[in-house]
Amino acid sequence: MNTPRIRVGIDVGGTFTDAVAVDATTLELLGQIKVPTSHHHEDGVAHGIVEALDRLLEQTGCAPADVAFLAHGTTQATNALLEGDVATVGLIGIGTGPSAVLTRRLASFGKLELAPGKRLPLVYAHVTDPQDTADVRRAVEELKGEGAQVLVASQPFSVDRPEGEQAVLDTARPYGLPMTAAHEITSLYGLHKRTRTAVVNAAILPRMLATADLVDASITKAGVTAPLMVMRCDGGVMALDEMRRRPLLTVLSGPAAGVAGALMQERVSEGVFLETGGTSTDISVVRRGKVAVRHATILGKTSYLSALDVRTVGVGGGSMVRIGGGRVTGVGPRSAHIAGLPYACFASPDQLRDAKVDTVRPMEGDPADYAVIDAAGGRFAVTMTCAANALGRAPEGDFARCDPESARAAIAPLAAHLGTDVATAATRILDAGIAQVKTVVDAMIRDYRLDKDTAILVGGGGGAASVTPHLARTSGMEGRIARHNEVISPIGVALALVREQVERIVPGATQEQILAVRAEAERAVVAQGAAAEGVEVEVTVDPQTNTVRAVATGATELRTQDRSHRADDTERLRAAAASLKTDPAAVHVLAGTAAHTVYGTETHRRLRPTRRPIRIVDVDGVVRHHAADAHVETTTVAGAPEVLARLVGESTSYGDGGVRAPALRLLLGARIADLSGILDPQPLLALARSELRARAADEPVVAVLEVRS
């Protein structure tokens, strides 16, 4: 029997390192392993990664040569910043005259607080002429003498003129210190923010380089020939060499792995992902099949690091119940784990005999109103997981499911204390717990303008059953727990695509400049191992900030499309009708390619124009895009330029706010080319032509246009 080619994802957490093997063709989970994270081993976390890989290969019966893709996510960079365990940064400011005044102010970064009582270790030196090698050597030696372990060069306007920063690095290279230039980290203007981002990146650089080298050597020694990838904070992965250059991209990558799993495994098109652990819930958004990202706040300051927009609430499966005045007053933020107590619902009914309710102070300084049960088997915490199981919210086989009888026995003493029945007490606990979660979810739905009629709630993490089902029930939204929710993060790592983002500030960007940014992003992911024919690039142009942004994604190998199941015409129609909230009889096929079908219907509103909502459904029966009102037209590659020019011309609006071309998406082969980020008609058509290039003249093209108001 032939063993399958596998994709391996490894998620290095603070306590455990989880690893999964996923069939590279069917994307089915084949095996999962959990080992303690090896913080204190001489090889650091690299030892745990290799141990997890070895055990995973043994479990699945696969050989190292069967590994087609290997990636890991790590909290190491995040923890280094939180704990203040960073290198001393030597910052070389470059400039003369007014520029010197600006760069000398950068020495203030030494005041950045990493952790209570710990500031960013930074020493500063200045050079006026970057071509003056003697002056640069003097600055480097001065910084080394003050303890610098890594160097950063920064100069005003280096985004446009990087030669000065590069000259400093060239001169400093013989000194053997890790180095970076501010323009290499981001190409956006703003000397202060750009340099701060580069300095924080440099502070974790030596530690991350050491880990990267150990992991790389260990994986190679294990016989794995697949390139090693690392999880980014925006939901994609990058090559190890890219991580060596920009380790800051791994900060906050933990939550990104979970939402990547929801996006790829659960095929979420529009919704909110809630990853619930024992203590907290990370909440993030998927909009139109993409994760929501924004510039991250690091050390209390905004940066130029594009990261998943994740908002954390201190409520999880182990969150303890707080009581007072005969009622439930709250849930959390303390959890059973912090209090060192077992969950009451995982005790046996016999252990819960003679139970009495008491209140405790989990940690010094906490309020003494956290409910516990003192029973025959000892002291137990009453948690969100206990309440969810008592109400039957944890499905069969779920990681957090327990014996329902034990769950009811766990809640019964508290119910008696509150003067009510078990179901009511459990409901009050969950109501109090999800109140904070619901506030954040509602805010994110508003912020990203999600369509509540089509958006779904997806729960991941071991504590998903304690939050997502009850939130779905009380909010009226559709909700479900992800398959294999307890390992959704390593699954996300295993399934993630290579991703690169290029940003440029280009006032009045021309078609050529926009296409150049697009090409740069595409080249970057191909250089990291993505198959060129499968790369997708989304381009947006922000006329207010003059920012041109290109996000390229691609797989390291073209995954075959021979899944174990393909949705038939009836299944795809039902999926579209369910998303459109209408009868399947009222839904019609408007267009399609081999990979996607466009379904539509009409909605008639009194005294208002007829709307034509559409849904794009893929061959697996998953809704890939939805629009409240759209025009759909089919053509060929040969005829597309003329057709698109006509459609864009007819749909472009002109007003006080400027020119607004329609949001355009093209269905080409197996892809949906998203061109909706371009507001100007001419660059939009130029990008469309670039998508059509090198395709057969008779290949079908489906254009989906949404007019912007």
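This is a predicted model: local features need pLDDT of at least 70, side-chain atom pairs count only at pLDDT 80 or more; totals for chains, interfaces and linings use all residues.
Residues are numbered from 1 along each chain as its sequence is written, and side-chain values use heavy atoms, with hydrogens and water left out.

Helices (H or I, at least four residues) and strands (E, at least two) are DSSP runs, numbered from the N terminus. An open sheet contains four strands in the order E8-E5-E9-E10, with parallel pairing; two strands are taken to pair if DSSP finds at least two bridges between them. From one strand to the next the twist averages 20°, where axes are lines fitted to C-alpha atoms, for helices over the stretch in contact, and angles run from 0 to 180 degrees between N-to-C directions. Strand E9 (residues 150–154) and E10 run parallel and are joined by three bridges, and Ala153 is placed opposite Ala181 in E10. Two helices lie across this sheet. Helix H4 (residues 133–145) lies across strand E5 (89–94), E8 and E9, and runs at about 165° to E8. Helix H7 (residues 191–221) lies across E5, E8, E9 and E10, at about 165° to E9.

Buried denotes under 20% relative accessible area, exposed over 50%, and partly exposed the range in between (1.4 Å probe, protein chains only). The largest nonpolar core has 65 residues, of which Leu70, Leu81 and Ile204 touch the most other members. H7 gives the most to this core, with 13 residues. With neighbours within four places in sequence left aside, Leu81 is in contact with Val86, Leu114, Val200, Ile204, Leu248, Val251 and Ile298; contact here means heavy atoms within 4.5 Å. A second, separate core comprises 58 residues, among them Val535, Val537, Val539 and Val548. In soluble globular proteins, nonpolar side chains tend to be buried together.

Helix H9 (residues 253–265) has 13 residues, which at 1.5 Å a residue should span 18 Å, in agreement with the 18 Å between its end C-alpha atoms; the expected span is 1.5 Å times one less than the number of residues. Twelve of the 13 residues of H9 are buried, including Pro255, Val259, Leu263 and Met264. After H9 comes Arg267, with a positive phi near 55°. The axes of H9 and helix H15 (residues 488–495) come within 7 Å and cross at roughly 70°. The two helices are therefore roughly perpendicular to each other, on a scale in which angles under 35 degrees count as roughly parallel, over 145 as roughly antiparallel, 65 to 115 as roughly perpendicular and the rest as oblique. At this crossing, Gly254, Ala257, Gly258, Ala260, Gly261, Ala262, Met264 and Gln265 of H9 meet Ile488, Ser489, Ile491, Gly492, Val493 and Leu495 of H15.

Helix H11 (residues 384–390) contains Thr385, which is buried with a relative accessible area of 4%. Apart from neighbours within four places in sequence, the contacts of Thr385 are Gly317, Gly318, Tyr343, Cys345, Phe346, Ala400 and Ser466.

Strand E31 (residues 614–618) pairs with E32 in the antiparallel sense over four bridges, and His625 in E32 is the bridge partner of Ile616. These strands form a hairpin with four residues between them, and Gly621 in the turn has a positive phi of about 85°. Of the five residues of strand E32 (residues 623–627), four are buried.

A further open sheet of four strands has the order E33-E38-E36-E37 and antiparallel pairing. Strand E33 (631–636) and strand E37 (671–674) are at its edges, each with a single partner strand, so one side of each has no neighbour in the sheet. The twist averages 20° from one strand to the next. Six antiparallel bridges pair strand E36 (residues 663–668) with strand E38 (residues 700–706), and Leu664 stands opposite Leu705 in E38. Helix H18 (residues 640–651) packs on the sheet, where H18 touches E33, E36 and E38 and its direction makes about 160° with that of E33. Helix H19 (residues 681–692) also packs on the sheet, touching E36, E37 and E38, with a direction at about 10° to that of E36.

Terms used
A nonpolar core is a set of buried Ala, Val, Leu, Ile, Met, Phe, Trp, Tyr and Cys residues joined through side-chain atoms within 4.5 Å.
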